[in-house]
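This report considers selected local features of a protein model, with the sequence and structure shown first.

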Amino acid sequence: MTIIEELEHYIPGCEQEVRDREAMLACLAAHKDAFDRTDLTAHMTASAWVLSPDRTRVVMCYHNMYNSWSWTGGHADGEQDLLAVAMREVWEETGLRTHPLAEGFFSLENLTVEGHVKNGVWVPGHVHMNVTYLLQAEGEALRPKPDENSAVRWMTPEEALQASTEPWMVEYVYRKLIERAAPYMR
């Protein structure tokens with residue numbers, strides 16, 4: 001199934017997802033390079049909400065660019081298998097191997113990124129058209145990725161909400177993920 005077919009079949013769980021899915025589909029129809037960050041307006045990304053092996057905690061990284069605790073995720077960089085992207089990003093950012101707990105997308109969100117300098121190059125403000133997967137870690141040993149994050153920790157869902165200093169992410173993303181993941185947690 002293509003990403004467009006997956007998005008068309010996805011059942012949004014809230015109005016934010018209804019509108020974000022519409023924007024994703026429009027962007028994918030109009031931009032052939034939406035899976036590559038050469039599209040300076042918007043491009044596809046994938047994230048993961050990762051549960052601990054005992055399903056009592058989530059993994060959070062202290063993201064250097066945002067100066068906040070956040071989930072794992074990253075750019076598709078040409079890859080259209082976004083589950084593979086999400087799992088790769090978890091491995092790179094935390095050292096964890098994972099497997100999916102739920103089939104398909106767990107949530108959708110369009111995330112605004114402010115303009116910034118990365119590797120000495122100005123990156124204009126843009127949108128990450130993000131799909132999130134629910135994954136379970138296969139171990140608990142964590143390691144940071146110093147060029148992206150300075151710490152990685154297991155947290156209870158409540159600790160994750162308190163640790164993040166990004167109000168929009170807390171209110172519209174992490175709360176939604178915690179609510180949806182509740183049936184999978186112990």
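## Basis

This is a predicted model, in which local features need pLDDT of at least 70 and side-chain atom pairs count only at pLDDT 80 or more, whereas totals for chains, interfaces and linings use all residues. Residues are numbered from 1 along each chain as its sequence is written, and side-chain values use heavy atoms, with hydrogens and water left out.

## Cysteines

A search of the whole structure finds 0 disulfides, a disulfide being a pair of cysteine sulfur atoms within 2.5 Å. Cys14 is in no disulfide, and the nearest cysteine sulfur, that of Cys27, is 20 Å away, which is too far for a bond.

Cys14 is partly exposed, with a relative accessible area of 27%, while Cys27 is buried at 11% (buried means under 20% relative accessible area, exposed over 50%, and partly exposed in between, with a 1.4 Å probe and protein chains only).

## Helix H5

Helix H5 covers residues 167–181, and its end C-alpha atoms lie 20 Å apart, in agreement with the 21 Å that its 15 residues should span at 1.5 Å a residue (the expected span is 1.5 Å times one less than the number of residues; helices are DSSP runs of H or I, at least four residues, numbered from the N terminus).

H5 bends by about 35° at Tyr174, the bend being the angle between axes fitted to the seven residues ending there and the seven starting there. Tyr174 is also one of the buried residues of H5, which include Val170, Val173 and Leu177.

## Glu166

Glu166 is found in the loop between helix H4 (157–163) and H5. Residues up to four places away in sequence aside, Glu166 touches Tyr66, Ser68, Trp69, Ser70 and Tyr174, where contact means heavy atoms within 4.5 Å.

Although buried, Glu166 has no salt bridge, and the nearest side chain of opposite charge, Arg175, is 14 Å away. A salt bridge requires a side-chain nitrogen of Lys or Arg within 4 Å of a carboxyl oxygen of Asp or Glu; Lys and Arg count as positive and Asp and Glu as negative, with His and the chain ends not counted.

Note on methods. Helices (H or I, at least four residues) and strands (E, at least two) are DSSP runs, numbered from the N terminus.
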